[in-house]
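Please keep the sequence and the model in view while reading.

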Amino acid sequence: MKSDVEELMPRLLPLETGGGSGNLDLSGTPRNPQEYLRQVQLEASLCPEVVVAQIDPTKLKKQTVNVSVAGCHAAPQGFSPSLRWQQQQVSNFSDVRQSITKNRQHWRSQILDDNVQMPRLTDEEGWKRFCLGENVYQGTSSGPTDAHQEPALDYGKVIQLFTPYFLIFLSQSTVLMLLDVLISWFEEREFVPQLGCWLYALLACLEKPLLPEAHSSIRQLARRCAQLRSTLDCQENENLPALNLLICLVARYFEQSDLADQPE
């Protein structure tokens with residue numbers, strides 16, 4: 001009579017069913033093909049039908065999925081832009097993206113300045129220094145320099161002059177990584193012009209359709225901008241146009257309409 005295993009998986013190789021299996025040494029080297037097959041058969045018969053893995057939860061890497069469904073802080077009275085202004089910014093932004101697409105191949109054929117040393121992809125702190133400059137990264141203002149000491153090069157000022165050109169050399173995964181790094185920095189600090197330039201350029205280089213993680217990142221950016229805007233004390237604040245612009249692009253251009261400022 002055939003076993004249940006043989007019913008599902010017919011025997012392909014002939015195997016003598018004679019005695020001797022009880023004395024078979026599983027740790028020894030088989031002396032012939034028949035003994036090898038008997039060893040395999042015996043090992044299989046000793047395996048339990050159901051095996052439950054013993055997993056140590058402390059050794060598992062935590063996985064998180066950010067589902068961004070919350071809306072933005074409502075703008076204080078008089079702080080939100082008009083619908084016409086928002087439409088104009090979306091049009092301008094679309095022109096920038098088209099220009100990047102049109103010139104992408106030409107720019108990629110150029111040689112990146114050897115003096116620009118990019119950080120490693122995994123060096124988040126290095127990227128913050130690279131994009132924002134040492135003074136902004138450290139949270140200090142630039143003071144008078146010693147007459148006999150040459151000031152260090154502030155990449156935050158240099159890179160802003162050719163940010164879109166520089167970003168052409170980065171892959172989409174790197175663009176998204178850099179966007180996440182700067183948004184993370186922004187979550188704990190105030191808005192600065194250097195940050196705004198980089199965020200605008202990164203959004204301009206972000207390809208559509210967006211990946212799910214990109215949706216989460218840009219929504220996080222818009223909420224942070226709206227949160228910071230709600231704390232401003234006057235409409236003349238120099239950061240208000242930039243905050244409104246970033247919210248507008250996320251909501252209107254990238255179609256996160258639930259985050260959009262509504263006309264007053």
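**A guided reading of the model**

Glu 255 is located in the segment after α11; helices (H or I, at least four residues) and strands (E, at least two) are here DSSP runs, numbered from the N terminus. Although Glu 255 is not a glycine, its phi is positive, at about 60°. Glu 255 is also exposed, with a relative accessible area of 59%; buried means under 20% relative accessible area, exposed over 50%, and partly exposed in between, with a 1.4 Å probe and protein chains only.

The model is predicted, so local features need a pLDDT of at least 70 and side-chain atom pairs count only at pLDDT 80 or more, while totals for chains, interfaces and linings use all residues. Residues are numbered from 1 along each chain as its sequence is written, and side-chain values use heavy atoms, with hydrogens and water left out.

Confidence is expressed as pLDDT, the predictor's confidence in each residue on a scale from 0 to 100. The chain averages a pLDDT of 77, and 72% of the residues score at least 70. Helix α11 has the highest confidence, at a mean of 93, whereas helix α6 (residues 155-159) has the lowest, at 41. Over residues 141-162 the pLDDT is below 50, and beyond near neighbours in sequence this stretch has 25 contacts in the model; a contact means heavy atoms within 4.5 Å.

The chain has 11 helices and 0 strands. Of its 264 residues, 36% count as buried. Among the contacts with a separation of 6 or more, 69% are between residues 24 or more positions apart.

The interior can be approached through its nonpolar core, a set of buried Ala, Val, Leu, Ile, Met, Phe, Trp, Tyr and Cys residues joined through side-chain atoms within 4.5 Å. The largest such core has 53 residues, and those with the most contacts inside it are Leu 178, Leu 179, Leu 182, Leu 195 and Leu 203. Two or more residues are given to this core by each of α3 (83-108), α4 (124-132), α8 (172-187), α9 (193-205), α10 (212-229) and α11 (240-253). The most come from α8, which gives 10 residues.

Helix α8 has 16 residues and reaches 22 Å from its first C-alpha to its last, close to the 22 Å expected at 1.5 Å a residue; the expected span is 1.5 Å times one less than the number of residues. The buried residues of α8 include Thr 174, Val 175, Leu 178, Leu 182, Trp 185 and Phe 186. Leaving aside neighbours within four places in sequence, Leu 179 is in contact with Leu 199, Leu 202, Leu 203, Leu 206 and Ile 218.

Helix α4 contains Glu 124, which is partly exposed at a relative accessible area of 43%. The C-alpha atoms of Glu 124 and Leu 182 are separated by 9.1 Å, although the two residues are 58 apart along the chain. Between α9 and α10, the loop holds Pro 209, and the peptide bond from Lys 208 to Pro 209 is cis, with omega near 0°.

The charged pairs complete the picture. The whole structure contains 6 salt bridges, each a side-chain nitrogen of Lys or Arg within 4 Å of a carboxyl oxygen of Asp or Glu. In α4, Lys 128 and Glu 125 are 3 residues apart and thus separated by about one helical turn; their closest N and O atoms are 3.2 Å apart in a salt bridge. Lys 128 is buried at 9% relative accessibility, whereas Glu 125 is partly exposed at 34%. Another salt bridge joins Glu 35 and Arg 31 (2.9 Å, N to O). Glu 35 counts as buried at 7% relative accessibility, while Arg 31 is exposed at 70%.

A further salt bridge links Arg 229 with Asp 261, the closest N and O atoms being 2.8 Å apart. Arg 229 lies in helix α10 and Asp 261 in the segment after α11, so the pair ties together parts that are 32 residues apart in sequence. Both Arg 229 and Asp 261 are buried.
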